[in-house]
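I opened my notebook to look up how the parts of this structure meet.

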Amino acid sequence: MPNPYVPKLTTIKSIKAENKVNDIKTFELVFKKEEDLKEFNYIPGQFAELSLLGKGECPIGIASSPTEEGSIKFTIKKMGTVTTAFHECEKGQVVGVRGPLGNGWPVEDMKGKNIVIIGGGFAFSTLRSLTEYLLDDKNRKNYGDITVIYGNRDSGEVLYKEDLERWQKRDDIQVVLTIDREEEGWNGKVGFVAPIVKEVAPSSDNAVALVCGPPIMIKTTIAVLEELKFKDEQILNSLEMRMKCGIGKCGRCNIGDKYVCVDGPVFSLAELKQMPNEY
Amino acid sequence: MSERILKKEDINKFYEAASKTYKFYGPVREKGNIIFKEISNPEDLVLDYFNSKIPPKEIVLPRTETLFEYEMKGNDIIINDDVVPDEKVLLFGIRPCDAYSFTLLETFFKEGKYQDDLFIKRRKNTTLIGIGCNEPKSTCFCTSVNTHPHDKENVDVFLTDLKDKYLVIPISEKGKDLVKDLNWLEKATEKDLEKALKLSETAELSIKTKLDLKDLHEFLMKNFDSELWKESSQSCIGCGTCAFLCPTCSCFDVIDEEDKYNNRGRRVRVWDTCQFCIYTLHTSGHNPRPGRIQRFRNRILHKFSYYPIKQGLIGCVGCGRCIQYCPVNNDLRKIINKFNELKNKEKEEMVVA
Amino acid sequence: MSNIQKENEEIERFIREVSRDLFKENKVDLIIGYGKGSIPFNTTPIFISEENDIDKLIWNNFCYINLSRYLLPSLNDFIRENKDKNLKIGVISKGCTARSIIQLIIENQIKPENVVIIGMECNGILNRKKIEKEFGDLEITDILINGDNIIVKGDKFEKELAFNDYLSELCKACKIRAPPISSKVSDIIVGKSQEVSSIEEDDFSDISEFESKSSEEKWAHISELLKDCTRCYACREACPFCYCNLCFIDQNLPTWFSKTSNLGEIVIFHMIRALHVAGRCVACGACSNACPMGIDLTIITRKLEKIVKERFDFTAGLDLDTLPPMMTFKMDDKEEFMLEED
């Protein structure tokens with residue numbers, strides 16, 4: 001039986017700076033062994049534990065979609081010991097990957113529905129994975145209307161600019177970008193995410209809303225969605241927690257009797273309301 | 001009849017025989033404390049003891065355990081994940097409550113999509129020789145949590161202390177093979193069996209602490225925000241003694257250690273507890289359990305609510321260590337009783353309404 | 001012949017009387033004291049907010065917790081949140097507890113107007129682990145004091161031990177049994193106290209045996225003492241001065257030390273923590289009493305006190321005027337460790 005704590009080895013193929021202040025970068029990783037890549041079957045919304053051996057491990061949401069073959073992408077913000085060490089890495093550096101972990105967005109159950117994707121700031125990572133997945137030729141026909149609402153503090157903070165541009169050119173997806181304050185040269189909307197969602201007013205009919213972002217954004221957005229008649233089962237959240245093992249054994253990521261790393265990180269609002277308020 | 005007798009004067013002989021195949025762990029006394037250690041000299045074995053301070057879980061879940069080691073060779077990394085030794089371990093003298101904890105821990109580490117292979121391997125390599133408790137302490141409450149002082153279920157061989165000898169009952173296949181190999185053991189008599197039964201009955205009757213835990217797990221969850229948590233945790237200093245000495249607590253922290261000069265390192269896990277303030281601290285500074293009340297509540301709920309909800313069993317074995325060693329004497333029994341009082345009060349009010 | 005039981009009863013009566021008066025005169029909102037434990041050798045901290053509960057306060061020779069620990073952080077948050085109410089918290093204080101409170105005031109962790117030191121003259125705390133060791137694993141059901149002796153009872157036995165033989169080492173060497181009173185502190189002390197000038201000189205003779213050992217012997221002694229440490233940090237949590245928001249051992253930017261049970265790492269943790277509390281430690285023994293493994297840190301605490309006394313002529317927690325040595329400097333501080341050539 002394999003030791004579940006041992007990471008598979010990858011090397012960094014490319015590093016892309018995502019924001020102006022350069023504290024968010026997307027790392028493209030390539031598995032050293034062919035069979036490890038074959039075994040890494042994931043769905044959007046899952047995460048992996050990335051190791052810099054000697055420095056530590058951190059749980060990062062997978063930013064690439066399973067339809068983008070050959071490599072996997074992770075967007076990492078420089079915040080603590082391990083993430084800072086990542087920002088000092090260069091191409092070719094060996095990175096350990098354990099995963100895919102977590103439950104992911106329920107792409108099967110979402111089939112036939114209209115998808116409303118609402119992201120704020122740096123948390124857009126796994127939503128990018130989902131959007132790319134939904135837009136792929138193999139999958140697009142299985143889903144209804146797709147609306148993406150993505151807010152940021154300012155234009156320098158907007159991630160995945162090239163991907164967003166590509167999506168905006170398509171006619172089978174509505175992309176609404178917003179920043180908090182007016183800026184010269186900005187063509188998108190201005191305002192916090194919640195009022196923009198109210199403005200766009202996606203229909204709750206046969207729809208599912210996926211919300212990812214800082215706590216205050218989630219709170220205000222959920223209030224708007226409820227106004228728009230979205231039921232608790234129709235609103236999905238991806239939670240963050242301090243994690244170490246990522247496989248439900250070290251105990252620390254629990255909310256009530258659920259472990260965020262195994263039973264989550266995706267929970268519906270209906271499930272969250274049943275859980276104690278410790279997140 | 002498979003029951004045998006092991007005379008206490010033959011312990012050395014037993015040790016000699018067993019240590020040919022197994023690493024022999026048993027209770028020894030160090031600085032006044034009983035601790036389960038590897039024995040090289042059978043004279044060190046203590047046969048007259050109550051229980052160890054540190055629970056024997058440290059044999060299957062060491063305080064510091066290497067998860068894997070690695071070596072850097074240029075830009076390549078070689079990982080060695082074969083870190084659990086292949087040795088067989090015999091744990092002599094484990095009490096029924098601690099043996100039950102091994103079963104509970106195994107259930108936890110095996111459940112779900114991922115299994116903790118390190119623990120499972122160590123557990124598989126460990127043979128348990130349990131000894132029933134003839135004189136439980138007033139802080140023991142194993143009978144309230146689905147086990148009892150002479151519970152034979154969770155061990156490979158069960159011994160009953162008949163003063164100058166042990167009644168030996170093989171339980172599992174492993175145990176049956178072990179006893180068969182000790183073909184010099186005398187057969188037990190009817191009298192021995194009767195005596196053992198009497199001791200078991202007396203021990204069970206002597207348990208003074210009885211906790212009513214029926215349906216408490218639902219009640220505790222429903223009363224997550226009760227003021228009673230504030231009252232119960234007031235004297236708690238968050239030291240983590242209860243967790244470190246608890247046979248069923250298994251939370252761990254993961255640390256990387258680097259030996260830059262020799263281009264190698266390892267990832268280890270160490271015992272951790274939800275009582276530490278940084279247990280759930282996010283890098284952003286947000287802490288879902290910022291205070292003593294939340295952390296205290298989490299531990300109690302984990303044992304008496306979350307574990308029962310998931311496994312249908314209470315996550316406590318009634319060993320009483322948390323009661324004996326809590327530095328501020330925050331007695332678990334008092335807390336459970338307070339919640340039971342509240343539960344009964346609510347029931348009464350409902351009936352009246 | 002002293003009658004310790006009578007002393008205990010007198011102290012208990014005294015602290016209840018003083019506490020009752022404080023409530024009657026509306027001088028406190030909450031009193032922290034010792035209550036009856038649920039098992040022998042134990043007492044538990046109790047928090048009294050009503051006069052009716054005063055009789056729950058007890059005193060015996062197992063009141064080993066340093067109650068000043070409860071003033072930080074949560075009670076302090078409570079005080080700050082209710083700034084306009086100007087809450088006052090009374091603490092039943094032996095000499096060491098009072099010294100901790102005074103030291104915490106110097107360190108700006110609590111304001112003098114928020115605390116009342118209910119002073120009593122402590123007659124010593126017994127070393128429970130030493131008593132327990134006399135009886136192996138037999139369960140002790142009751143402990144009584146009779147004259148100069150302790151009577152230890154079990155289901156099938158009863159034994160008398162000499163009280164003085166089982167007094168904690170720190171209490172044997174203690175010279176400050178009641179809260180030390182000096183000009184600025186007198187406002188916050190009620191009940192018993194002792195003049196700072198009356199405090200006997202401490203000759204630290206209890207550690208002279210350890211000090212006379214060679215380096216190798218000292219290392220062997222300390223290794224043997226600390227090797228059972230499980231890194232549970234009960235010592236840190238019990239100490240009133242370990243109130244840092246992020247302890248050095250928990251830091252990871254950078255990670256200073258590891259958390260494993262390797263002997264080197266264990267010794268480093270204890271030595272650094274000792275350095276961090278140097279000049280503040282009042283040798284209350286809470287750390288040793290909290291340790292689940294029964295590690296007795298007396299040697300370290302006493303040696304610290306001695307070094308601070310010899311180098312800086314300072315004793316912690318006596319008055320509000322003198323800053324502790326680690327919070328200030330003098331031009332004539334010895335610097336031989338920098339100038340000495342090896």
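My entries below go from domains to chains to helices.

I worked on a predicted model, where local features need pLDDT of at least 70, side-chain atom pairs count only at pLDDT 80 or more, and totals for chains, interfaces and linings use all residues. Residues are numbered from 1 along each chain as its sequence is written, while chains are lettered from A and ligands numbered from 1 in the order in which they are written.

**Domains of chain A.** I found domain 1 at 8–101 and domain 2 at 114–238; such bounds come from an automatic or database domain assignment. Their centres, taken over C-alpha atoms, are 24 Å apart. I counted a contact when two C-beta atoms, placed from the backbone, lie within 7 Å. In chain A, 17 residues of domain 1 touch 14 residues of domain 2.

**Chains C and B.** Here 33 residues of chain C are in contact with 39 of chain B. I took helices (H or I, at least four residues) and strands (E, at least two) as DSSP runs, numbered from the N terminus. Strand E2 (43–48) and helices H4 (128–134), H8 (234–238) and H10 (286–290) of chain C each supply at least two residues to that side of chain C. E2(C) gives the most, with four residues.

**Two helices of chain B.** Which residues of H2(B) meet H3(B)? B:Phe102, B:Glu106, B:Phe109 and B:Lys110 do, against B:Phe119, B:Ile120 and B:Arg123 in H3(B).
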